[in-house]
Amino acid sequence: MKATGFISLWTLVLLPCVQLANPAQHEDVVKHAIKLHRGKGAVVTQRKQWVLESCRKLSGLLRQKNVVLNKLKNAIRAVEKDAGLSDEEKLFQVHTFEIFQKELNESENSVFQAIHGLQRALQGDYKDVVNMKESSRQRLEALREAAIKEEMEYVELLAAEKHQVEALKNMQHQNKSLSMLDEILEDVRKAADRLEEEIEEHAFDDNKSVRGVNFEAVLRVEEDEANSKSNTSKREVEDDLGLSMLIDSQNNQYILTKPRDSTIPRADHHFIKDIVTIGMLSLPCGWLCTTIGLPTMFGYIICGVLLGPSGLNSIKSIVQVETLGEFGVFFTLFLVGLEFSPERLRKVWKISLQGPCYMTVLMIAFGLLWGHLLQIRPTQSVFISTCLSLSSTPLVSRFLAGSVRGDKEGDIDYSSVLLGMLVMQDVQLGLFIAVMPTLIQVGVSTYSSIFKEVLRILILIGQILFSLAAAFLICLVIKTYLIGPYYRKLHAESKGNKEILILGITAFIFLMLTITELLDVSMELGCFLAGALISSQGHMVTEEIMSCIEPIRDFLAIIFFASIGLHVFPTFVIYELTVLLFLTLSVVIMKFVLAVLVLSLILPKTSQYIKWIVSAGLAQVSEFSFVLGSRARRAGIISREVYLLILSVTTLSLLLAPALWRAAIMKCVPRPERRSST
């Protein structure tokens, strides 16, 4: 059996020669093949006879294929000239003949592709792993192309079947008179076919030749049900609706985003179940944290941990949950801006601008120093330092929610300084995301090209500063000419109906978000500016809008903090608890000390007492380090181990933040102002 299989492989190699060679040349080819494999298998005469017969059979098949192709061409011409056939019948028959032609040609091409692949394999060096990998990649590409062609042929067969059904219907209609109802239904059917053709996007055909598009094998998984018989119809429906899960070779899971047939409504039941589960479990978790004196947000994070990959692993639509959670950040920052009046912004703008910049520069300097001592690449040191320099705006906003913030004898309010610095850090986040592609190029560049990369970074910084100036100019125009009439119109239309007011405010938030996104500035800044612009209309307006938006913010914030818990891995923290505690305490202490040092230099002498509270609010790591870390890991800036360390340090610093904040409030804030700050 082995000898026969081995000779059959050589028969495939000799196929190209079979087409062009005459019987005399066949003899030479066969002698050469037998000489190469003498002593391996059957007797020489048997081998010679077997190869000759195989070559003759394959040559005959190829000649027969050419004859059939000519007959198909003649048949197509005859069908096109036949006046007795209707257009539908002609289309069906011609389509069927063309599909058969393609089937014959593709079968022949598959044979020769297999021959070329075998030739490459025999010529390769199997001691070289790289060569074997390249051969495997070429075979994989060939299989993908073959799968695509087969898929297209299957679609064409479905179309031919549809044409056949239409032809049969037309023949039946010609043989009998149609009732009025049948004529109406036939017109509706034709209109539905036209509608389907108009709205259908040929996304597969349009994108398969786009540069950067790769063909990959995926698994389509149906849900297992207890009762297979009763579930057959459901599975057929799911197969038709495209609600199954797709899994690629990298274990990424995909769901349907846009169906082929847009006329049928669909819902992602996995996502619905995930939101329902998070909502139900968040209540006991938040209640428990309230009982033991912790902020409820940690209960929501615990909810995410329990439901995420490190817990029950019941959340299927992780990306969709995180996306919905981002709206919690948007509405949180809008309410922060709503409480952050322009007067207070003008009072602390210098401190808000200088403080984060100085802290980021100092963090990067310390990071480069430690990176040099520990022999870490400069790009990795810069990235880690920048990630750790950011602080959590949603967390601090929850700390400040409802607290009394009055200026003390004309001094600067600590909440204004803290929120101003956090907003500036959000701007830095957008800047850093814009600079990250250049940082990746710096990591792979030689020292001779570093000057060009630094120049590119400076140009990007200039573009960001220009975008910020444009954003604030737009805000000035909106505040002067638009926001007043817009709110008065909303207020007049929403009497007795808060729906118009909520929709109008939400639309304004999304408008500002879109403007800052188009200007390549962070979307979070746009939400903050939207709140600040509306707050300029007065205290009564602020209170009315806050009462409408706060419930929406609270629900979306639950989803956001639960999505953070999806990326917390308790087992990893337990295994490396000593190292992680040391790193977390080092980061928190370093940020606190640097903030105190910077604020001591830029705060007025009469307001030096607030530096302890502001420093305590900044002494944790922003949850956006999850986003930056994931991008850096995909880009190869940091390793998997460093990514997990960043996630763990961020989580532990957020857990320590309430204790540090409470201690600072107890020490520095007079008792009447404490209220809910803790």
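Predicted model: local features only at pLDDT ≥ 70, side-chain atom pairs only at ≥ 80, totals over all residues.
**Exercise 1: the whole chain**

Find how many helices and strands the chain has, and what share of its residues is buried.

*Solution.* Start with the secondary structure: there are 25 helices and three strands. Next, turn to burial: the chain has 678 residues, and 39% of them count as buried.

**Exercise 2: two packed helices**

Describe how helix α11 (residues 296-307) packs with helix α20 (residues 539-565).

*Solution.* Two packed helices are described by the angle between their axes and the distance between the axes. For this pair, the angle is about 50° and the axes lie 6 Å apart. Angles from 65 to 115 degrees would be roughly perpendicular and those under 35 roughly parallel, so α11 is oblique to α20. The crossing of α11 with α20 is right-handed. On the α11 side, Met 297, Tyr 300, Ile 301, Gly 304 and Val 305 make the contact, while α20 brings Ile 558, Phe 561, Ala 562 and Gly 565. Sorted by class, this contact holds seven nonpolar residues, two polar ones and no charged ones.

**Exercise 3: one residue**

Decide whether Ser 625 is buried or exposed, and find what Ser 625 touches.

*Solution.* First, locate Ser 625: it lies in helix α24 (residues 625-635). Its relative accessible area is 1%, and buried means under 20%, so Ser 625 is buried. Leaving out residues up to four places away in sequence, Ser 625 touches Cys 387, Ile 646 and Thr 650. Lastly, compare sequence with space: Ser 625 and Leu 388 are 237 residues apart in sequence, yet 7.5 Å apart from C-alpha to C-alpha.

Key
Residues numbered from 1 in each chain as written. Heavy atoms only, no water. Axes fitted to C-alpha atoms, helices over the stretch in contact; angles between N-to-C directions. Helix = DSSP H or I, 4+ residues; strand = E, 2+ residues; numbered from the N terminus. Parallel < 35°, antiparallel > 145°, perpendicular 65-115°, else oblique. Left-handed = near helix turned anticlockwise from the far one by under 90°. Contact = heavy atoms within 4.5 Å. Nonpolar A, V, L, I, M, F, W, Y, C, P; charged D, E, K, R; others polar. Buried < 20%, exposed > 50% of the residue type's maximum accessible area, 1.4 Å probe, protein only.
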